[in-house]
Amino acid sequence: LENISVVIPYKKNQYLENILKQVKGKFKEIIIVGDKIEGLNEFTEIKFIPGNYNAAMARNIGAKYATQEYIFFLDSDCLPIIEKLETINNSNFDKKKILTGTYLNDNRFGLLSNTMNKYIKSRIINSNGSINFFSSANFIINKNFFIDVGGFNESMDLYEDIDFNVRTKIFGANIVLLDEL
């Protein structure tokens, strides 16, 4: 996972430390954009960009500072299935391929979070098994393709992920579920 920058938009929540423990040491670069972080001194390799941003703006700022060829957008309250991420080293990336994932149901995150994870997975995968959507909380995209599409619409506080999905499809994105690799 050497050519992937992780970008995490952050609003204060109780889950960030668990997320960082899952991704620490697996990626060359981790960037957190948002609220001030306290008590996470063990994660010295993380770039932190403070500010009060909406999710779209935080993701765009993180993308601007990302130095790797691919960007892994991960929300600070979504625990990725790391075993699936490790399979991407063997995946044939192309510029317009977007890898999306589902989330690990974990008792540390509680019933509400686990229920939301199931709901998001149902939005991603149609009843016929095709993928019609990817969640902005957990996807990997080529940085240049992200720039070509125009990044996230910073004027949108809600549904910026839907807007971004529509634009990536217009630009010919190929969405692949990590489970299929």
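Biologist: What does the accessible surface of the chain come to, and what part of that surface belongs to carbon and sulfur atoms?

Modeller: The accessible surface of the chain is about 8900 Å², and 49% of it belongs to carbon and sulfur atoms; such areas come from the Shrake-Rupley method with a 1.4 Å probe, and for residues only the protein chains shown count as cover. This is a predicted model, in which local features need pLDDT of at least 70 and side-chain atom pairs count only at pLDDT 80 or more, while totals for chains, interfaces and linings use all residues. Residues are numbered from 1 along each chain as its sequence is written, and side-chain values use heavy atoms, with hydrogens and water left out.

Biologist: What percentage of the residues count as buried?

Modeller: A residue is called buried under 20% relative accessible area, exposed over 50%, and partly exposed in between, with a 1.4 Å probe and protein chains only. By that rule, 51% of the 181 residues of the chain count as buried.

Biologist: How many helices and strands are in the chain?

Modeller: Helices (H or I, at least four residues) and strands (E, at least two) are DSSP runs, numbered from the N terminus. The chain has six helices and seven strands, and from the N terminus on they follow the order β-α-β-β-α-β-α-β-α-β-α-α-β.

Biologist: In what order do the strands of the open sheet stand?

Modeller: Two strands pair if DSSP finds at least two bridges between them. Here seven strands form an open sheet in the order E3-E2-E1-E4-E6-E5-E7, and the pairing is mixed. Strand E3 (47-50) and strand E7 (174-177) are at the edges with a single partner strand each, so one side of each has no neighbour in the sheet. On average, neighbouring strands of this sheet are turned by 20 degrees against each other, direction ignored; axes are lines fitted to C-alpha atoms, for helices over the stretch in contact, and angles run from 0 to 180 degrees between N-to-C directions.

Biologist: How many bridges join strand E1 to strand E4?

Modeller: Four bridges connect E1 (residues 4-10) with E4 (residues 70-74), and the two strands run parallel; Val6, for instance, stands opposite Phe72 in E4. E4 also pairs with E6, in the antiparallel sense and over five bridges, and there Phe73 has Phe139 in E6 as its bridge partner. Strand E5 (residues 97-100) is joined to E6 by two bridges and runs antiparallel, with Thr100 opposite Phe139 in E6.

Biologist: Which residues of E6 are buried on one side and which on the other?

Modeller: In a regular strand the side chains alternate between the two faces of the sheet. In E6, Asn138, Ile140 and Asn142 are buried on one side, and Phe139 and Ile141 are buried on the other. Strand E6 (residues 138-142) thus has five of its five residues buried.

Biologist: Which strands does helix H2 lie across?

Modeller: Helix H2 (residues 55-65) lies across E1, strand E2 (29-34), E3 and E4, and runs at about 150 degrees to E1. Contact means heavy atoms within 4.5 Å, and residues 24 or more positions apart account for 69% of the contacts in the chain with a separation of 6 or more.

Biologist: How many salt bridges does the structure hold?

Modeller: A salt bridge is a side-chain nitrogen of Lys or Arg within 4 Å of a carboxyl oxygen of Asp or Glu, and the structure holds six. An α-helix has 3.6 residues a turn, so residues three or four places apart point the same way. Lys21 and Glu17 both lie in helix H1 (residues 16-23), four residues apart, and they form a salt bridge whose closest N and O atoms are 3.5 Å apart. Another salt bridge joins the side chains of Lys47 and Glu29 (2.5 Å, N to O), linking strand E3 to strand E2 across 18 residues; Lys47 is partly exposed at 35%, whereas Glu29 is buried at 5% relative accessible area. The side chains of Arg59 and Glu160 also meet in a salt bridge (3.1 Å, N to O), which links helix H2 to helix H6 over 101 residues. Both Arg59 and Glu160 are buried, and salt bridges with shared partners join Arg59, Asp75 and Glu160 into one network.

Biologist: Where is the place of Asp157?

Modeller: Asp157 is in the loop between helix H5 (143-149) and helix H6 (160-170), and this residue is exposed, with a relative accessible area of 58%. A polar contact is a pair of N or O atoms within 3.5 Å; within protein, one must be able to donate a hydrogen and the other to accept it, and residues adjacent in sequence count only if both atoms are side-chain atoms. The side chains of Asp157 and Asn54 make such a contact at 2.9 Å, although the two residues are 103 residues apart in sequence.
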